[in-house]
Protein chains: 2
Amino acid sequence: MVPSRRPTIGVFDSGVGGLTVLRALLDRIPDAGYLYFGDTARLPYGSKSAATVAHYAVGAVRYLQDRGAELLVIACNTATALALDEIKAAAGVEVIGVVEPGAEAAAAATRARKVVVIGTDATIRSHAYRRALEARQVAVREKACPLFVPLVEEGWVEHTVTEQVARIYLSEAFADDAGDFNADVLVLGCTHYPLIKPLLRRVAPAHVTIVDSAESTARAVELQLGRQLKIEPSPSSINDERRGVPDLKFFATDSAEKFRMMGTRFLGLPVEDVVHVDLKE
Amino acid sequence: MVPSRRPTIGVFDSGVGGLTVLRALLDRIPDAGYLYFGDTARLPYGSKSAATVAHYAVGAVRYLQDRGAELLVIACNTATALALDEIKAAAGVEVIGVVEPGAEAAAAATRARKVVVIGTDATIRSHAYRRALEARQVAVREKACPLFVPLVEEGWVEHTVTEQVARIYLSEAFADDAGDFNADVLVLGCTHYPLIKPLLRRVAPAHVTIVDSAESTARAVELQLGRQLKIEPSPSSINDERRGVPDLKFFATDSAEKFRMMGTRFLGLPVEDVVHVDLKE
């Protein structure tokens, strides 16, 4: 992919989890400038009302726009589920959330028209994936996996404990006791989960396709950029040898140092240029 | 214990964890009125600055005082560690936190003068227990156990996964590789941990005494009430057949229904009279 000019993409999340979406974006669209906003002082969004989440998210995306973001990615399942419409209404540029691209990819991948979605309590309770998939005539079983985020944050991404927990959660999700629910797609509906994707691949039934919302979202962003900048998206860009040095800037509402340490694990690249931001309530 | 009159005790926590402290208070001082405030909409406090935690906690304890609390218990390790002095300065009544009573009980129990403290990341990073124990000439090893809270909230209090996690954490905490650190006391420095106390008892070295900050705090409250109301504390009150029906009122800043459901597990009693409170930021 050779853009006619280097676009600036704003990526917003409540914390570091959205860095897995940034990672997927970098793989697909390396020749862009990225501004990443992690609202680490106010996470988790899951326990907050839709109005509060919308208020926080709108403040953050305005901050990104003020710094030049021409396209916004809401790399946070909770913010997407609870506040995407309000964010779109407040933003002056195109906004892409993680739920629709994940649902679209799952609907395209399932032959059984039956999908399992895993995520945090908040995402599952919002039923955002259920709505998006049922609108595509796909039956959905949702399963909250509240231990995955703390296990990933503990760094236990290839740990026997995590594998044991995954076996319990997935066997419940794919069990047949609620009828003949034979899903053939597993949607990773949380930005932390790509870090345990190899483990989930081993634990999930062999016939199941894993859909990673982070990757699906990066693809949607690439398509949108193509429309905005009249660029042909190129599937080969993932392995493009000509990729530029990514231009990355990070903003965090809690400690910059903490963001740097934790962030490096999620991004798989050094997280260096972190600025602490104090947004007014 | 037969109080000359029924005192009203305010108990404050960021969530439902402090209900284990309320439980210990009910066991020890059944003939009191209790007002419990759970700031569930703004948890966890661990990722917030000391100034923000103090601001939230002061708002909550003022709310409890306005409703008649004559003595305040800060049943939250983070709020105690980060903001006890500010809460005391703002409160017009006696304030008891969880750290000092826990440290006092541990110092009294250790013969080796060596203690292990486990808690959340935030509590361990605050080093509040370390300071309180070192002031009592006790050496401390601190160990953050970030998976225990989500495991307890998942309800896995007697689960093989939790036991496996506890073996990993405690073997690191009691290991000898940092010298000849042979602690003989384990302090439960988190209000969620009393729910896994039987499991921790099995996993911890046999010679180790477990000190539960919740119980130590209840004892400190009993002593303070005795001073305030001129009542003789009675160790036999725990099994007192004449105990009154507890008078319990609950206030939560997030959903009352969610508090009711989760709270019943932590209190070990039905949580019924829950009022939703919307505190201004």
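Visitor: What makes the span of helix α2 of chain B close to the expected one?

Guide: In this predicted model, α2 (residues 50–66) of chain B has 17 residues and reaches 24 Å from its first C-alpha to its last. The expected span is 1.5 Å times one less than the number of residues, and for α2(B) that is 24 Å. G68(B), with a positive phi near 110°, follows the helix.

Visitor: Which residues of α2(B) are called buried, and what makes them so?

Guide: V53(B), A54(B), Y56(B), A57(B), A60(B), V61(B) and L64(B) are buried; each therefore has 20 or more other C-beta atoms within 10 Å of its own. These residues cover an arc of only 170° around the axis, so they lie on the same side of α2(B). A51(B) and D66(B), on the other side, are exposed.

Visitor: What do the buried residues of α2(B) pack against?

Guide: They pack against β1 (8–13), β2 (33–38), β3 (71–74) and α3 (77–90) of chain B.

Visitor: How do you know that the copies meet through the same surface?

Guide: 100% of the interface residues of chain A are also interface residues in chain B, so the surface is the same. There, 16 residues of chain A are in contact with 16 residues of chain B. The side of chain A that touches chain B has eight nonpolar, three polar and five charged residues.

Terms used:
Residues numbered from 1 in each chain as written. Chains lettered and ligands numbered in written order. Predicted model: local features only at pLDDT ≥ 70, side-chain atom pairs only at ≥ 80, totals over all residues. Contact = placed C-beta atoms within 7 Å. Nonpolar A, V, L, I, M, F, W, Y, C, P; charged D, E, K, R; others polar. Helix = DSSP H or I, 4+ residues; strand = E, 2+ residues; numbered from the N terminus. Buried ≥ 20, exposed ≤ 12 C-beta atoms within 10 Å, placed from the backbone. Arc of directions from axis to C-beta.
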